[in-house]
Amino acid sequence: MSGHSTYVPKTGFERWLDSRLPIIRLANDTIITFPTPKNLNYWWTFGGILSMMLGLQIVTGIILAMHYVPHVDYAFNSVERIMRDVNYGWLIRYMHANGASMFFVAVYIHIFRNLYYGSYKAPREVLWILGCVIYLLMMATAFMGYVLPWGQMSFHGAVVITNLLGAFPIVGDAITTLLWGGFAVDEPTLKRFFSLHYLLPFMIAGVVVLHVWALHVVGQNNPTGIEPKSKADTLPFTPFATVKDGFAMSLFLILFATFVFFMPDALGHADNYIPANPLVTPSHIVPEWYFLPFYAILRAVPDKLMGVIAMFGAIICIFALPWLDTSKVKSMRYRPQAKLYFFIFLVVCVILGFCGAKLPDDQVIPGLTTFKLVDSDLNSFVWLSRISTLYYFAYFLVVMPLLGLFEKPLPTPETISSPVLGGEHKD
Amino acid sequence: MVGANPDPHVTDGDPNRRDFIHIAAGVAAVGIVGTLAWPFIDQMNPAGDTLALASIEFDLSKVAEGQQVVVKWRGKPLFIRFRTPKEIEEAIKGDHADLRDPATDESRHKPGKAQYLILVGTCTHLGCVPTFGGGDYGGWFCPCHGSVYDTSGRIRKGPAPLNLLVPEYSFLSDTKVKVG
């Protein structure tokens with residue numbers, strides 16, 4: 001998509017087409033000759049896996065929309081009809097539901113790979129922000145999709161999330177009323193969520209095009225974080241990256257199929273197989289697993305508005321990362337201290353996810369009562385969330401800016417080829 | 001991860017391994033796409049509940065002599081006609097006419113039930129619903145492109161190629177039929 005194109009039209013038709021619509025040139029430069037750093041590892045295969053999952057979600061989603069009825073009286077039954085009566089409807093719906101989870105598995109690995117190898121740093125800030133936009137759109141899409149089956153978790157999840165926006169002073173109530181199209185989550189809400197749930201994946205696909213475009217302008221980062229300096233540092237995308245991506249996709253599909261065929265409801269909630277009832281809330285309401293860390297941050301703050309601000313702030317931090325990280329060295333291979341803080345951050349995110357699934361006042365260590373701090377016992381998930389939330393923000397706002405100034409990174413290799421072909425072998 | 005990316009400048013000493021992974025990846029891709037294609041297509045075929053509703057029962061005593069009742073069956077109109085003796089006589093007379101889609105009147109009703117004619121009410125031309133009693137033969141006339149059917153539902157004039165279809169049906173009792 002950028003730089004020097006090496007495409008030479010071979011046939012008369014290709015020459016004719018190339019001077020009118022250079023689409024073969026585009027495909028050639030994007031997926032055939034595009035130079036990829038030769039030291040990419042398997043963490044770099046998740047971009048391809050994500051494209052595959054987006055495609056699969058769109059295809060299964062379009063099929064489900066053929067059978068689904070976006071109406072409060074029929075939505076739940078139409079989903080049950082898909083499960084029982086539509087040919088292979090169970091397969092398609094389980095693929096779609098578990099596909100969403102697998103999509104987030106892949107995107108989280110993709111994001112953490114970025115954090116570790118410093119792929120968000122100059123000149124890839126726009127690439128990173130486009131990725132963050134995709135992630136935001138994914139969250140919106142996933143949330144609205146979860147509402148559509150109109151089960152108990154769907155309904156009350158929608159109530160809780162839309163009420164979050166009500167926390168904002170003055171405009172909050174007006175925004176929630178506007179979102180609902182009524183006095184509560186009801187028929188108009190379901191209809192607009194269905195419409196937007198259908199629209200957003202195509203917006204994601206559009207931003208993916210920009211994301212890939214930006215990627216092809218700046219080129220891929222690599223495990224050393226050293227930009228390729230010569231042709232010796234790169235390999236053509238085909239066959240090297242295509243075959244490797246294809247192999248990784250096959251492995252990923254095995255994981256996906258394991259969920260679809262052997263544990264299709266493992267990541268869902270049993271309560272969502274109860275039709276929505278606005279008069280009764282399930283005893284324990286939690287979002288889907290991929291939202292749990294943010295949910296824990298929301299609940300860690302004892303004030304409604306501040307909780308919502310913290311939750312949105314947690315996402316804004318991710319956007320701002322390229323300017324928060326002051327280090328000149330990209331890859332954490334050569335940043336031992338940053339590596340330590342990174343792995344703590346990774347564990348903290350998992351802990352936050354774990355806290356999000358628990359009741360706030362449950363004990364972390366069963367049977368141990370310590371002392372009451374502010375509003376809860378110290379040995380409670382709410383305090384674990386608070387400590388973790390503190391680290392989450394400290395990682396972005398304190399560790400990343402200061403570490404780059406004070407740490408002493410290890411010597412970095414001259415070129416990508418030098419650590420591979422001997423020289424300093426530090427990994 | 002050292003060695004994961006073979007260097008193209010080095011002569012590959014073991015081409016079989018790379019061939020294998022190419023073929024394995026290709027086969028995996030083709031296998032997955034092939035396996036998924038069928039469910040993705042088959043979901044558009046009639047669903048279980050659609051098939052379960054594919055047959056209906058009808059009480060013939062609701063039709064008056066010389067009239068027809070139209071009911072919906074599998075999403076299409078079903079003509080249930082109580083023919084007068086004159087109409088039956090004309091239909092039998094038509095057996096010897098030059099028919100585009102030859103069929104005797106007897107083959108188009110159940111034995112001993114000549115008065116009841118049960119037909120799928122869609123014109124065999126392009127699927128319009130013919131109007132009762134229209135046309136030169138007193139059977140049906142299709143308003144879309146002028147096909148004319150006789151009192152046995154056979155095509156006599158116009159663009160339609162075939163007679164009105166006789167659905168699969170059976171008498172459950174003297175006055176009750178099950179269609180489908």
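Predicted model: local features only at pLDDT ≥ 70, side-chain atom pairs only at ≥ 80, totals over all residues.
## Overall form of chain A

Chain A contains 15 helices and four strands. Its radius of gyration is 24 Å, close to the 22 Å that the globule rule gives for 427 residues, so chain A is as compact as a globular protein of that length. Along the principal axes, the C-alpha atoms of chain A fill a box of roughly 65 × 60 × 45 Å.

Of the 427 residues in chain A, 37% are buried. Among contacts in chain A with a separation of 6 or more, 74% are between residues 24 or more positions apart.

## Helix packing in chain A

Helix α6 (residues 125-147) and helix α7 (residues 152-164) of chain A have axes that come within 7 Å and cross at roughly 135°. This angle makes α6(A) oblique to α7(A). On the α6(A) side, the contact is formed by Phe143(A), Tyr146(A) and Val147(A). These residues meet Ser154(A), Gly157(A), Ala158(A) and Ile161(A) in α7(A). The contact between α6(A) and α7(A) comprises five nonpolar and two polar residues, with no charged residues.

From α11(A), the residues in contact are Leu292(A), Pro293(A), Tyr295(A), Ala296(A) and Ile297(A). Their counterparts in α13(A) are Cys349(A), Leu352(A), Gly353(A), Cys355(A), Gly356(A) and Ala357(A). By class, this contact between α11(A) and α13(A) has nine nonpolar and two polar residues, and again no charged residues.

## Overall form of chain B

Chain B has three helices and 10 strands. Read from the N terminus, its elements follow the order α-α-β-β-β-α-β-β-β-β-β-β-β. The radius of gyration of chain B is 29 Å, well over the 16 Å that the globule rule gives for 180 residues, so chain B is more spread out than a compact globule. The box filled by the C-alpha atoms of chain B, taken along the principal axes, is roughly 95 × 35 × 25 Å.

Buried residues account for 22% of the 180 residues of chain B. Of the contacts in chain B between residues at least 6 apart in sequence, 46% join residues at least 24 apart.

## The three-stranded sheet of chain B

In chain B, three strands form an open sheet in the order β2-β3-β4, with antiparallel pairing. Strands β2 (68-73) and β4 (116-120) of chain B stand at the edges, each with a single partner strand, so one side of each is left without a neighbour in the sheet. On average, neighbouring strands of this sheet are turned by 20° against each other, direction ignored.

Strand β3 (residues 76-82) of chain B runs antiparallel to β4(B) and is joined to β4(B) by five bridges. Within this pairing, Leu78(B) stands opposite Val120(B) in β4(B).

Strand β5 (residues 131-132) of chain B pairs with strand β6 (residues 138-141) of chain B in the antiparallel sense over two bridges. Phe132(B) has Trp140(B) in β6(B) as its bridge partner. The hairpin formed by β5(B) and β6(B) has five residues between the strands, and Gly133(B) in the turn has a positive phi of about 75°.

Strand β6(B) also pairs with strand β7 (residues 148-150) of chain B, in the antiparallel sense and over three bridges. Here Gly138(B) stands opposite Asp150(B) in β7(B). Six residues lie between β6(B) and β7(B) in their hairpin, where Gly146(B) in the turn has a positive phi of about 75°.

## Contact between the chains

The contact between the chains takes 22 residues from chain A and 19 residues from chain B. On the side of chain B that touches chain A, the elements giving two or more residues are α1 (15-42) and α2 (48-52) of chain B. Helix α1(B) gives the most to this side, with nine residues.

By class, the side of chain B that touches chain A consists of 12 nonpolar, five polar and two charged residues.

Notes. Residues numbered from 1 in each chain as written. Chains lettered and ligands numbered in written order. Contact = placed C-beta atoms within 7 Å. Nonpolar A, V, L, I, M, F, W, Y, C, P; charged D, E, K, R; others polar. Pairing = 2+ DSSP bridges. Axes fitted to C-alpha atoms, helices over the stretch in contact; angles between N-to-C directions. Parallel < 35°, antiparallel > 145°, perpendicular 65-115°, else oblique. Rg over C-alpha atoms; globule rule 2.2 N^0.38 Å. Buried ≥ 20, exposed ≤ 12 C-beta atoms within 10 Å, placed from the backbone.
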